[in-house]
Every structure is written in C-alpha cells, then in structure tokens.
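Here are some notes for reading the structure below alongside its sequence.

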Amino acid sequence: MWNNDDKWDRDNNYSINSFMKEKLLHYKEKRSTLLKSLDDVLYKKKEFKGKISWNQPEGGFFLILTLPFKFDIDMAEECAAENGVICVPISLFSCNKKYKNQIRISFSYVNCNDIYEGCVRLAKYIDRQLT
C-alpha cells in the first residue's frame, strides 16, 4: 500500500540518488585503489609490460585482467591456496575460448588497505607462471 506519510521518500523526491551517493563514492574509491595498485605492481614491472592488461570499469564490482597464459579453475585454486588471492577465470562464464586467459577480480568486499597487498601476491603468482 502506498504510504503518503513516508517523509524520506518525499524529501528525496522519491529518488535513491542521495542514498546511493555515499555508496558510489565508497566503491569508486575501491576501484581507483585497485587500478592504481595494478598500475604500480603490474604495469611498472618490466617482465609484465605489454603482456598483461585490464579494463577500467565504469560501474560494477569487478575488473577483468587479461593474462599471457591460460588461467583455469585449477590455477584459481592454486593461486588462492598459495597466495591467498581469489580470482575467477572468465572462462567459467562463457563457452567462448577467447576468454581462457582472463580473470575476474572483485573489489567490492576487499578493504582498500588490502587491495595493494592482493595485487603484490597476484603478481608473484603471475611471475611464477611466466618463468
């Protein structure tokens, strides 16, 4: 039933924009932290230059990292067990083989202070795969 006495709805013109503003800033900070960390850890490492790329998401909670090698579920389990980094092979979401070397990284739940360390650990895993 429609409640004409809902002051918050009326005060906000029946929009969730004011409610979402703080949330958007929170996730934008996390995304920016991840992008800067990837830049600092992966892009600046000479062994990785030109071999690894990633998107710059405009929304959502995930970033897609493209690797120079196939990354499957076994590698995801190994990366998690050995490095404490959980990432998901994009190939799990598609039958198209062109995604066999891409992983999805979530930044929604990770504390900003832990994002850089996660990138360092992921870089160690990638480095082992390339050597």
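1. Two aromatic pairs are counted in this model, where rings of Phe, Tyr and Trp (its six-membered ring) pair if their centres lie within 6.5 Å, and planes under 30 degrees apart count as stacked, over 60 as edge-to-face and the rest as tilted. The model is a predicted one, in which local features need pLDDT of at least 70 and side-chain atom pairs count only at pLDDT 80 or more, while totals for chains, interfaces and linings use all residues. Residues are numbered from 1 along each chain as its sequence is written, and side-chain values use heavy atoms, with hydrogens and water left out.

2. One of the pairs joins Y27 and F61, whose ring centres are 4.9 Å apart and whose planes meet at 70 degrees, so the pair is edge-to-face. It links distant parts of the chain, since Y27 lies in helix α2 and F61 in the loop between β1 (53–54) and β2, 34 residues apart; helices (H or I, at least four residues) and strands (E, at least two) are DSSP runs, numbered from the N terminus. Y27 is partly exposed, with a relative accessible area of 27%, and F61 is partly exposed at 37%, where buried means under 20% relative accessible area, exposed over 50%, and partly exposed in between (1.4 Å probe, protein chains only).

3. F71 and Y125 form an edge-to-face pair as well, at 6.2 Å centre to centre with 80 degrees between the planes. This pair also links distant parts of the chain, with F71 in the loop between β2 and α3 and Y125 in helix α4, 54 residues apart. Both F71 and Y125 are buried.

4. Which residues of α4 are buried? They are C112, I115, C119, L122, A123, Y125 and I126, and they cover an arc of only 165 degrees around the axis (taken from the directions from the helix axis to the C-beta atoms), which puts them on the same side of α4. These buried residues pack against α2 (17–43), β2 (62–66), α3 (73–83) and β4 (102–106), contact meaning heavy atoms within 4.5 Å.

5. The cysteines deserve a separate check. A disulfide is a covalent bond between the sulfur atoms of two cysteines, counted here as a pair of cysteine sulfur atoms within 2.5 Å, and the count comes to zero. The sulfur of C87 is 4.4 Å from the closest cysteine sulfur, in C79, which is too far for a bond. C87 counts as buried, at 4% relative accessibility.
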